[in-house]
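Me: I would like a close look at one part of this model, with its surroundings. Please keep the answer connected.

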Amino acid sequence: MATNKRRKLNISEPPQAMSAFALRKKLLSQQTTTTAPASTTVDTAVEVDTLSPSPGPVDTGKARSFKKSKKGPTIQPAPIHENDGSADVKDSPPAETNNALGSPSALARSSSSPTSDDEVSVKPAKALPIQLSNFKPSKSNYQRRKDGRMLLKLSDGDRLVILGSYGLRLTAGEITINGATLTSSDKVHWVDAPYCHALPVVRCSDSATVELLSRPNVAGLRSLGRLSPLLRKLWNESNTASDAKSTPSDLSFQILYTSADGPKTTALQDLVSPPEWNRELANLVNASSSKSSSFMITGPKSSGKSTFGKILANRLITDQSNGTKSRAHRGVAVLDFDPGQPEYCVAGQIALVILTEPVFSPSFSRPLPSPEIRMVRSHALASISPVSDPELYVEAALDLMTHYRNTLARYPLIINTPGWIQGTGLDLLTSLITALRPTEVVYMSESGPAEVVEALQESCKVTAFSTLPSQASQLTSRTAAHFRSMQTMSYFHAEPQSGEADGGIQWNPKPLTTVPPWQVSYKGPNRGVFGIMCYDYQAPLDLLADAINGAILAVVGVESAKAFRHSSECAELLHDVAADTMDIDGNEDESASSSFSSLAEKIISTTPEGIPFIDTANATTLDPRYSHSLGLVLIRGIDTENGVLQLLTPLSAEAIEDVTSKGGEIVLVSGKFDTPSWAYTEEFYYRAHDEVDDGADLDESMDDADDDPNVGNEDFAEAIDATQVPWVEVLHGNQKRGVGAKVWRVRRDLGRTGN
């Protein structure tokens, strides 16, 4: 036993982990004191992630630079052109192999210098491009016509990812895109695919012949990039001379074979539906084929609710199975209950719409209703969140559901909800589930929170409940505030056109300061507006003009005087007026006008400028049962001398006359809309477009932006003096705003437990 112990003491101690620098120092000391052969093993207990040092002569000075001694491989993919689709990223060899790690010289260099986090940071090798389209063009399946059209013959399993705006005409076969199944017809389906959203994927399950068309008048929407960096470089614009050669300038789209074909400084993401989504979509479509069904989509923020809802809507519209081809009423009703990220109306509203055609465009490229997306009824919350007035939110939602059941019950219904699932938001969801009684509730998350899932399941006593994995977007170049600004800016620049083949909307490419405003009188008995209301916060009378000037307000059509819910005195007045009109066999419009006139004497006050103001001191809002939203207006200015409001709006005069001709009144509602700061700086971007080099991509600066949608102001700050423009402050150099310059946000969760 003693001998065994002495033998164990003669063996070297178990090696301990040491840094690469300490190991190198130990080797240097050993090589100066011993003449052992180079092949002798010094220490075998080096950590796995540390390379063994190379024997031989070693410098006695500082350690060799890692960049010089261990240069990583420079791998550049071979260029893939539109007419050469045979190249496969996974199978193609690297363009440069002299510095590959597998070569002897590379091994020698890598063994001559250790790698450790304590000494240097290893830069990862350049990632290979991601394959997006597997379609391989050739002379037999690809033709380019003189008018710019492309004729593609797709085979089984082919997929196409296209960036830009284009039209799809299927002449033979069948394809799927965004959940919609398209069959051969003469109809052209227009697609808008900017890189700030996941790009739609055209899939072919069998042979098909597809015709790709450039979208006419595409310059209208893209020209808004001259007015704001938010709408700049979203499409297939060429950034360099090489890109301009590879992509014809007359095309409004570009086929992306790999991620290297897109913008160099921007991430690309194709739209993918997970298998769990596909199974649930098939179940929902089968459930709606036998009877009219309603599906409520819930879940946290950025979990894929809107994406799943659009795929489901497209699937229901184009479904041809189970005899739905002969369905008399083709379409899908949508209740858009998300005022912060709406899909089919502007921010600050909730709406009931009917879809008759599949949707292949983001919300900012279709800001106005169209024959394919018909607005049935909408209500203004004057806020981007239900937190401002939960009671009004529930009342408006129930009114929209009542209109659906009365007029559109034959259509399947999709209910999209906001991502507010905590506290009061969860109470709102459970209240809506109990009141609306949908066929199934889909929760877009499998990771909880557990209390939210339990509460939703408890409210689904007569409703099916299912969960799906969330699919958050990997695109972070633009935030939710950015998308709201883009949608609102597109809304105010939109000009509806009749007879257009690509959607019937044109965009004014010039700043809003060049647009002649509506002149609406606010004084006298024949004024254009009944009054102005304030939701959530009521400004003092002497500050009302300053509060609404340059702000966005909702235009609400009041159908009856019953919409004004005030004190018991006003309620008795309305009851007396209604009783008097029942005994008169006269014109209903005259009776309605007299009721509004009598009500105005009780509830309307005037500001020092003479603006009629409807008192909302008791948090009074318009009753959704007797009012509806028409759209938004931007108050460009207030002419106090002539008593005129200068309004900018894409609304038509017919929409206003439709309300007033029936005895109704127009009310402007102010609230917590986003400040239209994009409108204040449009002219400066427009004038500085040719004076300042704006070729650099602004996505990197947008990633660092918080909630401020205005980025890139440094360029035109030096070119143009904006000191005389209201609501605009230009910071020069390193100048910063003072303390208190940002908007104060009120905390509403102080009463919750655990905070």
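How many residues does helix α7 have, and what span does it reach from its first C-alpha to its last?

Reply: The model is a predicted one, and what follows is computed from it. Helix α7 covers residues 275–290, which is 16 residues. From first C-alpha to last it reaches 24 Å, close to the 22 Å expected at 1.5 Å a residue.

The burial pattern comes next. Trp-277, Glu-280, Leu-281, Leu-284, Val-285 and Ser-288 are buried in α7. Viewed along the axis of α7, these buried residues fall within an arc of 135°, so they line one face of the helix. The background is that an α-helix has 3.6 residues a turn, so residues three or four places apart point the same way. On the other side of α7, the exposed residues are Pro-275, Arg-279 and Ser-290.

The buried residues of α7 are covered by elements that include strand β10, helix α8 (305–318) and the strands β15 (440–443) and β16 (464–467). Strand β10 runs over residues 294–298 and contains Thr-298. Thr-298 has a relative accessible area of 0%, so this residue counts as buried. Setting aside neighbours within four places in sequence, Thr-298 is in contact with Lys-305, Thr-417, Leu-429, Val-441, Val-442, Tyr-443, Met-444 and Leu-456.

The structure holds 10 aromatic pairs. One of them joins Tyr-491 and Phe-492, edge-to-face, with 5.3 Å centre to centre and 85° between the planes. Tyr-491 is buried at a relative accessible area of 4%, and Phe-492 is also buried, at 7%. Another pair, Tyr-680 with Trp-727, is tilted: its centres are 5.0 Å apart and the planes stand at 35°. Tyr-680 belongs to helix α17 (residues 677–680) and Trp-727 to the segment after α20 (713–719), so this pair ties together parts 47 residues apart in sequence. The two partners sit on either side of the 20% cut-off for burial: Tyr-680 is buried, with a relative accessible area of 15%, whereas Trp-727 is partly exposed at 46%. Finally, Tyr-491 and Phe-492 form one aromatic cluster with Trp-678.

To return to the helix, the buried residues of α7 line one face, and β10, among other elements, covers them.

Key. Residues are numbered from 1 along each chain as its sequence is written. This is a predicted model: local features need pLDDT of at least 70, side-chain atom pairs count only at pLDDT 80 or more; totals for chains, interfaces and linings use all residues. Side-chain values use heavy atoms; hydrogens and water are left out. Helices (H or I, at least four residues) and strands (E, at least two) are DSSP runs, numbered from the N terminus. Buried means under 20% relative accessible area, exposed over 50%, partly exposed in between (1.4 Å probe, protein chains only). Contact means heavy atoms within 4.5 Å. The expected span of a helix is 1.5 Å times one less than its number of residues. The arc is that of the directions from the helix axis to the C-beta atoms. Rings of Phe, Tyr and Trp (its six-membered ring) pair if their centres lie within 6.5 Å; planes under 30 degrees apart count as stacked, over 60 as edge-to-face and the rest as tilted.
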